[in-house]
Amino acid sequence: MPAELPDLSTLALLVGIDDRGSLGAASRAMGMAQPNATRAIRQLERRFGMTLLDRTPRGSTLTAQGTVIVHWAREVLADVDRLLDAATALRVEHEAQLTIASSMTIAEHLLPVWLGDFRRRHPDVHVQLQVLNSMQVFDHVTDRSCDLGFVEGPSAPEHLNRIAIEHDRLVVVVHPSHPWARRRRPLTIAELAATPLLAREPGSGTRRTVDLALQEYQRPAPLLELGSSAAIRTSVLSGVGPGVLSTLAIEDSVTAGELRVIDVDGLDLRRTLHAVWSGPKTLSGPAGEMLKLVLRR
């Protein structure tokens, strides 16, 4: 990790210059004195080792490098907003008006965006988020300790209402140094089933999907059982062994060349993600509004 990370308020100032056309207008919008704004931008330029603004008697405009940095600054600030939305929802609110239970993959990769949208539309609704595995989500929805659940398991109890909200696919991934990464032919299902894998804990939707797909084969014990997709991804990146993960969890690592996806002949691990709830078929109130938002996305 770099010794000195960029200050978020300075990144916001740089974005403001792009949006408002000048350093003065951006600093006024942020309630920052212009000398302080000038000093902050110069510190950022020293941090990056490049000139971000063209300074003229008529004002300051972004350089070509500054325009590129602004693009990535917008991404960073958007990610921070999503982080804050998720952190707010994870705080225990004793009088939460909407309680959501979500399995790990959805909570990691989809819910931050959904929660951000919901908060902007319904700022007065307090949201509590419980991150569980799929079987635990079913239990919480059944006993009404949560209003709405999100799961990636292949099936749901018949007494619960459910609706498809998204699709994803599980894939086998290995470190580039793993022998499977040098294979010219796809792996067979039997070879996969015979190999100890990095696996999620029993009760997770990912574990259930893999177990159902390989149920006809005699299988060894998992190499490790881990409680999240992130933990499996980290272990695969460290060369511990192969794992099976959602494409939602590994897209960036595959694009960067840090992980390799291994084809398995005849294995189909596509799955549907669902929202689940108890009671009437039509949800009302904050839970109904949340579900409508998710379905619109």
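This is a predicted model: local features need pLDDT of at least 70, side-chain atom pairs count only at pLDDT 80 or more; totals for chains, interfaces and linings use all residues.
Visitor: What makes a set of grid points a pocket, and what makes it a cavity?

Guide: The test runs on a 1 Å grid over the protein atoms alone. A cavity is a set of points where a 1.4 Å probe fits but cannot get out. A pocket is an open set with protein on both sides within 12 Å along at least five of seven lines. Lining residues have an atom within 4 Å of a point.

Visitor: Which residues line the largest pocket nearest its centre?

Guide: They are R82, H109, L110, P112 and V113, out of 13 lining residues. The elements giving two or more residues to this lining are α4, α5 (104-109), α6 and β6 (161-174). Helices (H or I, at least four residues) and strands (E, at least two) are DSSP runs, numbered from the N terminus. The volume of the pocket is about 250 Å³.

Visitor: Why is L110 called buried?

Guide: Its relative accessible area is 12%. Buried means under 20%, exposed over 50%, and partly exposed in between (1.4 Å probe, protein chains only). L110 is under the limit, so it counts as buried. L110 sits in the loop between α5 and α6.

Visitor: What does L110 touch, leaving aside neighbours within four places in sequence?

Guide: T105, E166, L248 and L273. Contact means heavy atoms within 4.5 Å.

Visitor: Why does T99 count as buried?

Guide: T99 has 10% relative accessibility, so it is buried. T99 belongs to strand β3 (residues 98-103). Beyond neighbours within four places in sequence, T99 contacts Q128, Q130, S145, C146, D147 and L148.

Visitor: Why is R144 called exposed?

Guide: R144 has a relative accessible area of 56%, so it is exposed. R144 lies in the loop between α7 (134-142) and β5 (148-151).

Visitor: What sets the phi of R144 apart?

Guide: Phi of R144 is near 65°, a positive value in a residue other than glycine. Most residues other than glycine have a negative phi.

Visitor: Why are A190 and P220 placed in the middle class?

Guide: A190 is at 39% relative accessibility, so it counts as partly exposed. P220 has a relative accessible area of 35% and is partly exposed too. A190 lies in helix α8 (residues 189-193). P220 lies in the loop between α9 (205-213) and β9 (224-226).

Visitor: What makes W114 and F150 an aromatic pair, and a tilted one?

Guide: Rings of Phe, Tyr and Trp (its six-membered ring) pair if their centres lie within 6.5 Å. Planes under 30 degrees apart count as stacked, over 60 as edge-to-face and the rest as tilted. W114 and F150 are 5.2 Å centre to centre, with 55° between the planes, so they are a tilted pair. W114 lies in helix α6 and F150 in strand β5, so the pair ties together parts 36 residues apart in sequence. W114 and F150 are both buried. A search of the whole structure finds 1 aromatic pair.

Visitor: How do you know that the span of α4 is close to the expected one?

Guide: The expected span is 1.5 Å times one less than the number of residues. Helix α4 (residues 64-90) has 27 residues, for an expected 39 Å, and reaches 40 Å from first C-alpha to last. In α4, G66, I69, V70, A73, D85, A86 and A89 are buried. Their cover includes α1 (8-20), α3 (34-48), β2 (59-62), α6 (111-121) and β4 (127-132).

Visitor: How many helices and strands does the protein chain have?

Guide: It has 12 helices and 13 strands. Buried residues make up 42% of its 297 residues.

Methods. Residues are numbered from 1 along each chain as its sequence is written. Side-chain values use heavy atoms; hydrogens and water are left out. Grid points are joined across faces, edges and corners, and a volume is the space filled by probe spheres set on the points.
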